[in-house]
Amino acid sequence: MNHLKIQFLLSLVTLFILVTGCKLYREQTPVSIIPNPVSIIYDGKSNEIGNGVKVVTRDTALRFARSLLLTQMNDLPAAEFLNENPKARVTIRLELNDKIEQTEGYILKIDKNITITGKSREGVIHGIQSLLQIFQQSPKTDEGIRIPRLTINDYPRFGYRGMHLDVSRHFFQIDFIKKYIDLIAMHKMNVFHWHLTDDQGWRIEIKKYPKLTEVGAWRVDHEDLPWGERPDQTANDSATYGGYYTQEQIREIVAYASERGVTVIPEIEMPGHSAATIASYPELSCRGKQTAVPPGGRAGINILCAGKDGTFTFLENVLSEVITLFPSKYIHIGGDEAWKKEWETCPHCQKRIKEEGLADERELQSYFIRRIDRFLTSKGKTLIGWDEILEGGLAENATVMSWRGEAGGIKAAKMNHDVIMTPVDYCYFDYYQSTDKNLEPLAFNGYISLEKVYHSDPVPDALNPEEAKHILGAQGNVWTEFIPTEAIAEYRVLPRMSALSEVLWSPKQAARRDASAKQGQSQTEQENRQAKMSDFMNRLGTFLNWLTIEKYHFHIPAPQGVFKEMIFLDSTRVELLNPWPFTQIRYTLDGSEPKLQSPVYDQPFPVDDGAILKAS
Ligand code: TNX
């Protein structure tokens, strides 16, 4: 009996080179847009753009959108044909029109000229993103580039389409924050949730409390050690890792985001995750003990005292400054993972529990959040908190961000509260994206594949249509304990963010069929999902090309459904499955690492006894 051992080894690095090195899948029609538009109608003809474009608008609100389009066209491979030219044959007109129904809706019409009509400035910006994607994939001709004549009618399924970034666990420079916001806008997402404070660093300048950034923004630099094994700061250490954003920089970011149709929601954590706050002002804790900002792991003393009135004075002063910086309707106040051990023994907290007639520490947390909720409501703002704020009673006007699965979101929606879905099941982009952890930089834990994100839905089955209206949308969370650099942040987020953007934008039922799915045949749910995924993957190739041009790092998932190691009897035929239609698989049969010169896999082939197949 012959044993044939076949090994399938995937090399992320090689795959990356192949992708960026090869000419990506490209076709003129149909155009390939992420997130998938609601409707595209082609008129069968095409347009040539050769001597630049005129970009015009009569609406002053669209002035910036106009310059954004001109700047972004400049990055494209066809930039030479898309420069501004008053004598150009093709005019791009940007306009506002109230007749469009949906707030962020737009119509993009390409005939002899190009028109983008939006109900709002945001709608026009989304239309610009679609047009840029079309330009990016248009083939070059002798005369210029050729684009198909078409009409896109498009609008989002959800009003809240967010991306979060934790800048406490690792600090990210202002230029990267802008690049991250660009990415949000490219995906037609509209919220940047800026996690500005946590145990390992306070990152926003507050004029009334300078120590928050003099002390709270800095920690001892143990970046060379694993996150969970970093010793606390000693008397001999100096705190050199960190940074913060000045109020001027914050204003700059808020304006930058707004110009791109993105709202910035700040998060100020309370009552837990407050070690950096307490390091700056120890009197805000129950024990009042001086501690340093922890460099990693779980912080010891990290809960604010709920008994002292000074805590609330402090928080109201901080929030007052925050409110003047962020025009957003929402202010996020955290509320997660508040370890209440300190409260159990704190005389101030116990006094408060008694005086307010509260049952226990859980109700004390609820008292805490309700008090902040009343303050924010009095300032015309809406509080968002992580789902722990449900415990001990939900504050009257609170919106809940459901992260520990969907349960918190379901409960809140049934109580008539608005909900944003960020469940660990499919929204945690700090988790691994492949089953083989060795292929990726060290991550927190968990595994969320691209497919998992793509097949997710923010509206749980448990809700009836009325309750479902409370689901505002969803958001990708990016906790940065294991994301020390900008490149890794991009790599973790992409392309899962691309999948989430489509979940949040495109109509639920619009499963566009790919070429191989036959019309009219009865399809099982499984086949339907696969067809949808494969259509997305086809478009993703083109999209990743755009991300490459814009200099983003991204992850390329290992092919799915392919065996890693298998024992066969006698010889066999090998069939490899490549879910990335725009990449090539190359293989060897002698055990050596595949190279660019190795044969390209294009169809199943026989393998004899003793061969070692390696493919990447
Ligand atoms: C839980 S999600 C946290 C964060 C951590 C994250 C790690 C949430 C509201 N709290 O503080 O960074 O897990 O995945």
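## Two packed helices

The crossing of helix 8 and helix 11 is right-handed. This is a predicted model, so begin with the geometry as the predictor placed it. Select residues 309-325 for helix 8 and residues 361-378 for helix 11; the two pack at an angle of about 40°, and their axes lie 11 Å apart. Helix 8 is therefore oblique to helix 11.

Next, show the side chains where these helices meet. On helix 8, select D309, T311, F312, L315, E316, L319, S320 and I323. Their counterparts on helix 11 are Y367, F368, R371, I372, F375 and L376. By class, the residues of this contact comprise nine nonpolar, two polar and three charged.

## A lysine in helix 4

Move to residues 174-186, which form helix 4, and pick out K178 within that helix. Is K178 buried or exposed? Its relative accessibility is 17%, so K178 counts as buried, the cut-off being under 20%. Leaving aside residues up to four places away in sequence, K178 touches E252, I253 and Y256.

## Confidence along the chain

Finally, colour the chain by pLDDT. The mean is 89, and 89% of the residues reach 70 or more. Residues 1-28 have pLDDT below 50, yet this stretch has 86 contacts in the model beyond near neighbours in sequence.

Terms used. Residues numbered from 1 in each chain as written. Predicted model: local features only at pLDDT ≥ 70, side-chain atom pairs only at ≥ 80, totals over all residues. Heavy atoms only, no water. Helix = DSSP H or I, 4+ residues; strand = E, 2+ residues; numbered from the N terminus. Buried < 20%, exposed > 50% of the residue type's maximum accessible area, 1.4 Å probe, protein only. Contact = heavy atoms within 4.5 Å. pLDDT = per-residue confidence, 0-100. Axes fitted to C-alpha atoms, helices over the stretch in contact; angles between N-to-C directions. Parallel < 35°, antiparallel > 145°, perpendicular 65-115°, else oblique. Left-handed = near helix turned anticlockwise from the far one by under 90°. Nonpolar A, V, L, I, M, F, W, Y, C, P; charged D, E, K, R; others polar.
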